[in-house]
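This report describes how the parts of a multi-chain assembly are arranged and where its chains touch. Please read it with the sequence and the coordinates at hand.

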Amino acid sequence: MDNVENHSQQSGPMRTLQIVSRVAAGVLGGWSFTWGFVVLGIALALAAGMPYADAQTLLYLVAFLVYLVVFCWSFAAASIARVWLVLLGGGAAMTGLGWWMARLQAV
Amino acid sequence: MFSTFRLSMTWLHTWFGLVLGYVLIVVFFFGSLSVFDREIDRWAIPETRFAPQPMPSFDTMLAPIFARMAPEPDELKAAAARVKGPLPATLAPMNWGAYTTHRDPVLSLYAEYAVPNNPADPDDHVHGHATLDPRNGRLLPDDQLKIGSEFFYPMHYGLNLAWKDLGYWIVGFAALVMLAALVSGVVIHRRLFRELFTFRPRKHVQRSTLDLHNLTGVVALPFHFMFALTGLTVFASIYLPVSETLLKPQAVAAAMADAAAKGLPFKPAGVQAPLASVDAMVVEAKRRWAARGMPGEVGYLYVNHVGDRNSTVTLYRAGSDRVTLVGQPIHFEGSTGRVLLEEPSPSAVASVNDFLTGLHLQHFEHWLLRWFYVFGGLCGCACIATGFIFFVEKRKRQHAKAGTGGARWADAVAVATVTGMLVATLAILVANRLLPADLAQRGDWEKAAFWGAWVLAAAHALWRSAPVRDARLSSAWAEQCSAVAALAFAAVALNWITTGDHLVRTLAERFWPVAGLDLALLVVGMIAGAAALALRRRAGAAIAKSDPAASTVDAAEAANA
Amino acid sequence: MPEALLLAAALLFSAGGIAWLALAMEVHWQQAHGSATGPGRRTATALRVLGGAALLASLVACLVADHATMAVLVWVMSLAASALLVALTLAWRPRWLAWLAPWARRA
């Protein structure tokens, strides 16, 4: 991605698309990443023997700090493609892994 | 897209701050008002202007009232449409609740009634509620809007926009953006510690506005951060409903295991049994709390499976002596009064959560800390408002030269949000005093006054924003400040005229809820009036300066930045 | 000691402490004394020690007055209020702060 040019040199629809992409990544990608983080986190906590209510409470306490970090990263990162990959891909992976682990736990 | 980290954070701060700032200032302002929501209720409902009372006797006062309570008529009508066949003449009550705080003179009573024959939802129920004067058991009319706790407070966490939880989502997103704005603000503000006390009001508007923006943001930075974060965690199950979806089997299994471990009956037995003396249970609960080193009053009383052999009475302590939300419930067997379970101290995780939630929801009794919360909230409002003003000031000259209207619209929406919000808030208080006492649906008329006033203020802001196109100050600011001052003084006067509780009397009687609000209204009126005068003077000076010589003044000011 | 008195003392210590810390900074010392020179290394250190001690005293007063969790919150918020107060004083009546360093000679 451009590290050299001043951002205002790009104009028109290309820049609008980039902005929309960044915002969508930050908001929606961030949300899906946070969701996956919470699901995987709860599953790991359950596996470690924590009661469900405590696991949920703990993950909720950290979830929005995670969301904050990935949200800011969506704008700071050089490559928007990498942002989408990490947030959507990572979110999906964590969700899948967490769900699978939790099912193993279930009586 | 951005060549440096700092540039990306600047973009984030500017644009998300601008767009969500309009929502955030509403959240912060009504949050500040909500610190004293129950005191505002006293001002708005003169019949409740007496001192807070502890929970009265259940057996002698509450039980007969619960027996006479009925479901809300409009909920009954909606339920009739949902069920197969006609609704029975009376619905059986499922549970009863009574709630009071150290700030409430009146008691709130709630009930849920089972709705049978709903094929879609076997747990379908409707609600009833009543408000009670605990000194004599008199019921208060229910169409009196509790302007503080039932309008300003829901405005704070949901913008009074209940449709599909849309308000919660908007406020939640705004809270996330607040966190990002704080972090990005710190990144942009290179000299955070060196300029901690820097405020240069005599410099030109852009510089002094930015100084004030930085000051109000940094000085209460921990406050702003913690409130945005805890606001999000309080409603986390709305934003990330994993337990209702993906992890529902695990969540339900854990809840049922918990209930079984506690030994509390999950369902009614279907056998009738009378309720034992709840007053005796209250005495026992207080004894146990005192024995654990946390003496207190009952804050919330809950009777489950009303009239059944499996009924339980749960008593929660009113946690007003510390920050943490201490519920410490004790469960009693309804038919015998025997203690079923005294809930143990919460786990470490739960304790941390209770502390953080308690920090936000402030059930504690500490007047200085409450006023500090208002101070923090108003700092947040000032930070956001100065953010808007800085945005507009920075761009209006460029936009005026280029002929684009962006700055003008940003300014108009800023006026509509900042002063318009004040106008609406005062309008509902004025309407509260002006509307006839026996008007049907009085609460709805009051809400209409609020929204109507805001719409008018927004229209006025748009109409008067033309000068911004030419890089001058919109006259809407001064005009709305004058309106705010007039409304604030009118509200105080109307309180005196309609209730006789003027400031001299309320101060002499030390009735702080009404005296405090009247004083606050006077202060608001004076500040708004002074602001209106100052703005008119500045506009007058600007007109006197608006000749070719002005451009050299601008250049000199820009050089000083 | 009644709670109101303790809290009043806590507020005074907090405001004084913050003001001393502000005076230790060169630009604010100059504002308060109308001088072209700063406080000098020894005076600045003394001011910082004084300021820190006052803030500590404020915290102690808060802790005596209230339950620990509320006391800490009261103290943190009093720091914020004091910082704003000091900033506004420096903006409009900076000379008033000179009274807090009476041993320094005015320029």
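Y99(B) has S108(B), in strand 2 of chain B, as its bridge partner. In this model, which is predicted rather than experimental, that bridge belongs to the pairing of strand 1 (residues 93-99) of chain B with strand 2 (residues 107-114) of chain B, an antiparallel pairing over 6 bridges. Strand 2 of chain B is also joined to strand 3 (residues 125-133) of chain B, again in the antiparallel sense, through 8 bridges.

| Strands of chain B | Sense | Bridges |
|---|---|---|
| strand 1 (93-99) and strand 2 (107-114) | antiparallel | 6 bridges |
| strand 2 and strand 3 (125-133) | antiparallel | 8 bridges |

Chain A, by contrast, has 3 helices and 0 strands, and its elements follow the order α-α-α from the N terminus. Of its 107 residues, 39% count as buried. Among the contacts in chain A with a separation of 6 or more, 84% are made by residues 24 or more positions apart.

Which chains touch, and where?

Two packed helices are described by the angle between their axes and the distance between the axes. The axes of helix 2 (residues 52-76) of chain A and helix 6 (residues 166-188) of chain B come within 10 Å and cross at roughly 60°; the two helices are therefore oblique to each other, and their crossing is right-handed. Helix 2 of chain A contributes F64(A), Y67(A), L68(A), F71(A) and C72(A) to this contact, while helix 6 of chain B contributes L176(B), L179(B), A180(B), V183(B) and S184(B). By type, the residues of this helix contact are 9 nonpolar, 1 polar and no charged.

At the other interface, 22 residues of chain B are in contact with 20 residues of chain C. The elements of chain B that give two or more residues to this side are helix 7 (205-219), helix 8 (221-234) and helix 13 (367-402), with the largest share, 5 residues, coming from helix 13 of chain B. The side of chain B that touches chain C is made up of 16 nonpolar, 3 polar and 3 charged residues.

Helix 13 of chain B also holds R370(B). Is this residue buried, exposed or partly exposed? With 16 other C-beta atoms within 10 Å, R370(B) is partly exposed. Apart from neighbours within four places in sequence, R370(B) is in contact with V35(B) and Q362(B). R370(B) and H305(B), 65 residues apart in sequence, lie 38 Å apart in space, C-alpha to C-alpha.

Terms used
Residues numbered from 1 in each chain as written. Chains lettered and ligands numbered in written order. Predicted model: local features only at pLDDT ≥ 70, side-chain atom pairs only at ≥ 80, totals over all residues. Contact = placed C-beta atoms within 7 Å. Helix = DSSP H or I, 4+ residues; strand = E, 2+ residues; numbered from the N terminus. Nonpolar A, V, L, I, M, F, W, Y, C, P; charged D, E, K, R; others polar. Axes fitted to C-alpha atoms, helices over the stretch in contact; angles between N-to-C directions. Parallel < 35°, antiparallel > 145°, perpendicular 65-115°, else oblique. Left-handed = near helix turned anticlockwise from the far one by under 90°. Buried ≥ 20, exposed ≤ 12 C-beta atoms within 10 Å, placed from the backbone. Pairing = 2+ DSSP bridges.
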